[in-house]
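Thanks, everyone. Let's get the model up on the screen and walk through it.

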Amino acid sequence: MTWLGEFWRQVRFRLRGARFEQDLAEEMRLHVDLRAAEKEADGQDAAAAAAAARRQFGNATRLQEMSREAWGWRWLASLYQDLRYGIRALAANPGFTLTAVLSLALGIGANTAIFGIINAVMLRALPVEDPQALVQVRLGDGPDDELNTPIWEQVRDHQQAFSGTLAYATESFDLANGGESQPAQGLWVSGDFFGVLGVRPMMGRAFRSEDDRWGGGASGPVAVISYKFWKRHFAADADVLGKTVRLNRQPFVIIGVTPPWFMGLDVDRGYDVAIPIGCQPILHGGSGPPDEIHHWWLRILGRVAPGQTVQQADDHMRAIAPAILRATIAPDQSPQDQAEYLKSRFLLRPAGLGFSETRLRYRTALYALMASVGLVLLIACANIANLLLARAAARQRELSVRMAIGASRRRIVRQLMTESLLLAMLGAAGGFLFALWGGRVLVGLISTTSNPLEIGIAPDLRVFGFTIGAAILTALLFGLAPAIRGTRSGLNYGLKEGERGNLKGATRLHLGSALVAGQIALSLVLLVGAGLFLGTLRNLLTVDPGFSRHNILLVSASLPPATTVAERVRTYDEVLGRLRAIPGVASAASSVLTPISPAGWAQLTYPEGFTSKSPRDTLVFFNRVSSAYFETMETPLLMGRDFSEHDHGSATRVMIVNESTARRFFGSASPIGKTIGLDKPGKRDERELYQVIGVVKDTRYNRIDEEPRSIAYLACAQDTEPGPQIRYTVRTGGPVASLTAPLRTAISGVNRDASLEFIDFETQVNESLLQPRVVALLSSIFGSLALLLAVVGLYGVTAYMAARRKSEIGIRMALGAQQQSVIWLMLRGMAILLVLGISAGLAASLVLGRLITSLLYGVKPDAPAELAGAAVILSIAAAIAAYVPARRAARLDPMKALREE
Amino acid sequence: MAEIPRRDEIPPGTLYMLILKVLVRHGELHGYEIANSIQRISDDVLQVEEGSLYPALQRMLLKGWVTAEWGVTAGNRRARYYRPTAAGRKQLNAEMEQYQRVNGAIQKVLQTA
């Protein structure tokens, strides 16, 4: 408490103004005058009395200084002094200052930008009430965290474990009323979603439990929209409440708008419209929650009651788990599967950070990038430290003079550190601005049309603290060693040795050389990384996926869910016929899925004559395609025949398999004519038999970088229950964009209600390679930056050495040394540094490379070609950087050099 | 001429106590009067380096033991008058108590010799 009072008095005193010095001086003058008057009264003469009084008083200047110190002002005054001096010193050397501030701004900016994204998707808690109390309920520890509606209803109705529970799912809704689709980020939410999160709407009301009834609540289908959507779609209309928004053609009445800071629970996605889970049948058909037993789509969250621990909630959950599992068992499953299901366990996982696909997909990449920019900043620091070392050498005289007239070494180190800190802060300020821009660019890089990202990267306190911390750390890194070095030599050294003509002085460069070697090592690490990532991208772009990605336009068409099966079949066939007739279309086909998309369909199979060791052995991934699909995708048919018009609904059920499936189930025997059984949909222990009629080449299913897997194709024409959505694959001879208009006309000619989405297949494939592409791009940028910085550092040190050894070179040349031998003299030292740096860099690359194996495809982290390539590039750049100043030194006119003595 | 070595004879830390004591006794004094009081009361034995009063007074202002206000002397000159605060009185008592305790202890040691 006393320090608080002192502080307060100090502040108040200072606020009162700067009369301190005058007041003190007046007070002291009075004292001396009165004493002198007293002595004069005692009979001394005036001059002697005044002198005696002053003597008795003591050293007034020193006392005044001590009084000032009493208020703790010396520190402030000397800081002010240091700052002023530092600004003058930096301004006196604008070239150095600009170089240092710019490289720091780049380094700190890149670090801040990457950290900003890490912060947004991995560190920042959701902006909801007490986010730490939110946990996610998961079934088992697998990668999938979605549960079905029956489980949700059970958890909701038995929520003793929590003070509140909520469920939600994301889906892209179509705002258009037929025609080309207009996507909106949708949220399916439970009735008390907003209540449990503590999000109060900015306008209108949030959902209540009675809004979330199966088939629509008390007020019919209702929606809550986000602030952003309100601004964008309704132009911030104050009368938006009560208006309708059409989602997949169904009207929803808007009842509320959430505040700007609430962007949903997915931190990289944002949301536009939220609707109750109970509205599921309105959009997707289906009769009731029991049908939903195979629809795993909801994330379930609970809020741990105040005063309770997660452990207690977990215990509760474990106690009620058996009842929940018994109530949600799938009746059509085999007894083994049901027994397996009853053994599952509910797990609670913290959910306060929200969910993020970016977090899962880019975690390793972000860490690798963070490490890269950290290394770049280190290299930049080494450069500045080298510049400062050279400057400290040039300032040796100044520092010696200052020490000679009484400055303590600590005081000078502090002054030099203030200068460094000033540089770092200027760099950090620039870097912060750079990061504001860079962060947006980065998010733009990883955001695509099919997966639009909305990451709130507006800097918060943590990002700000990171920048400040980075600045202080860099100032220590690049400033401390040169400052201590510069003042170590003692005061006589600089004054005596500063003369020209001494041949020593290389001693001070040991540190500089070490810095250069370190820079070379770090640059090599970054170059190797860039090489590995570029190799990965090259492999991904050139790998044969089993299909052609060029000149294919994908059209996704959705019919209203109310259409009958007959209507669907007729529409799909008619559209396909019309598409094939369009001039410019080389071939066209329809399919349920398209390759290289996140969607998938896998099921167990019962191949003839194949005995499986475990059920997983017979798992096959499926697609349903029309005739000419393989021709359109340019996937070679290796054996047998394609689907044809003879494979209609009442004919024998047929199947085409890929090589992997054929090899796995039938070995070297021909698969043609063999039968494979599949479970009959919705029935237990009933199978439908399919006859294999063809074998196609292996293709990639979800991802370009996956291993070949077993895939089988069924015929569209034999689909007894076609869904409301179909995808057309259209191959053209030329650019695909020109086809969009005629395709749209053709499809709406058949069905005006179909909503359409067009995407170039090449774009879809490229977007799936976004992560390796971005990593390769950024690591190349950082690698080049590192190379540039290292080269500049090397050049600087060689040039500085050459300048220091000018007179030595002059003497050597006067004595008859050849230019080559002088150049070699200069390069020898650098060559040793280069070898040392490259060896250290290679060793570090081998160690660090193991950490990024998950990001590589087709290259090993110790690939000799990549390592050697990076070393060669670095060596060439370094040789040039050292050769230029060395040759300049060797061209010196010896007479001139010696005359300068 | 003998004043300067005397500076060390005021044990460190006791200067505050002496200043506070004369201030409590007189209520309100300026710097010169404080120096004179200490000297007079101690029969000229204790002589501070007079100037060192001033840094001490500043420290005491900061600690909140005294307050200062400008006034006018009998000779019609501006002077800063110091006045003890409640915290100052408390500090004086505490320091006196401690001083006497230490002093008593030292005396005991000296008497046993």
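This is a predicted model: local features need pLDDT of at least 70, side-chain atom pairs count only at pLDDT 80 or more; totals for chains, interfaces and linings use all residues.

Now look at Leu57(B). This residue sits in helix 4 of chain B. Is Leu57(B) buried or exposed? Leu57(B) has 26 C-beta neighbours inside 10 Å, so it counts as buried. Leave out residues up to four places away in sequence, and Leu57(B) touches Gly31(B), Val66(B) and Tyr82(B). Tyr81(B) is 24 residues from Leu57(B) along the chain, and the two C-alpha atoms are separated by 11 Å.

Next, the chain B sheet. This is an open sheet of three strands, in the order 1-3-2, with antiparallel pairing. Strand 1 (29-30) and strand 2 (66-72) of chain B are at the edges, each with a single partner strand, so one side of each has no neighbour in the sheet. Strands 1 and 3 of chain B pair antiparallel over two bridges. In that region, Leu29(B) stands opposite Tyr82(B), which is in strand 3 of chain B.

Over to chain A. Its secondary structure comes to 28 helices and 22 strands. The chain is divided into four parts: domain 1 (21-71), domain 2 (131-352), domain 3 (358-541 + 770-899) and domain 4 (552-764). Note that domain 3 of chain A is written as two segments, 358-541 and 770-899. How far apart are the C-alpha centres of domain 1 and domain 4 of chain A? They lie 104 Å apart.

What about overall dimensions? Along the principal axes, the C-alpha atoms of chain A fill a box of roughly 135 × 80 × 50 Å. The radius of gyration of chain A is 38 Å, whereas a compact globule of 901 residues would have one near 29 Å. Of those 901 residues, 40% count as buried. Take the chain A contacts between residues at least 6 apart in sequence: 83% of them join residues at least 24 apart.

On to the cores. The largest nonpolar core has 104 residues. Val376(A), Ile520(A), Leu524(A) and Ala786(A) have the most contacts inside it. Helix 13 (residues 357-394) of chain A gives the most to this core, with 21 residues. What does Val376(A) contact, beyond its neighbours within four places in sequence? Gly107(A), Ala110(A), Leu526(A), Phe782(A), Leu785(A) and Ala786(A). Apart from this core lies another, of 61 residues, including Ala167(A), Ala184(A), Ile275(A) and Cys279(A).

Last stop, some strands of chain A. Strand 14 (residues 602-607) pairs antiparallel with strand 18 (residues 675-679) over three bridges. There, Thr605(A) stands opposite Leu678(A) of strand 18. Strand 18 of chain A also runs antiparallel to strand 19 (residues 687-696), joined by five bridges. Ile676(A) stands opposite Tyr690(A), in strand 19 of chain A.

That's the tour. Over to you.

How values were computed:
Residues are numbered from 1 along each chain as its sequence is written. Chains are lettered from A and ligands numbered from 1 in the order in which they are written. Two strands pair if DSSP finds at least two bridges between them. Helices (H or I, at least four residues) and strands (E, at least two) are DSSP runs, numbered from the N terminus. A nonpolar core is a set of buried Ala, Val, Leu, Ile, Met, Phe, Trp, Tyr and Cys residues joined through C-beta atoms within 7 Å. A residue is buried if 20 or more other C-beta atoms lie within 10 Å of its own, exposed if 12 or fewer, and partly exposed in between; C-beta atoms are placed from the backbone. Two residues are in contact if their C-beta atoms, placed from the backbone, lie within 7 Å. Domain bounds come from an automatic or database domain assignment. The radius of gyration is taken over C-alpha atoms; the globule rule is 2.2 Å times the number of residues to the power 0.38.
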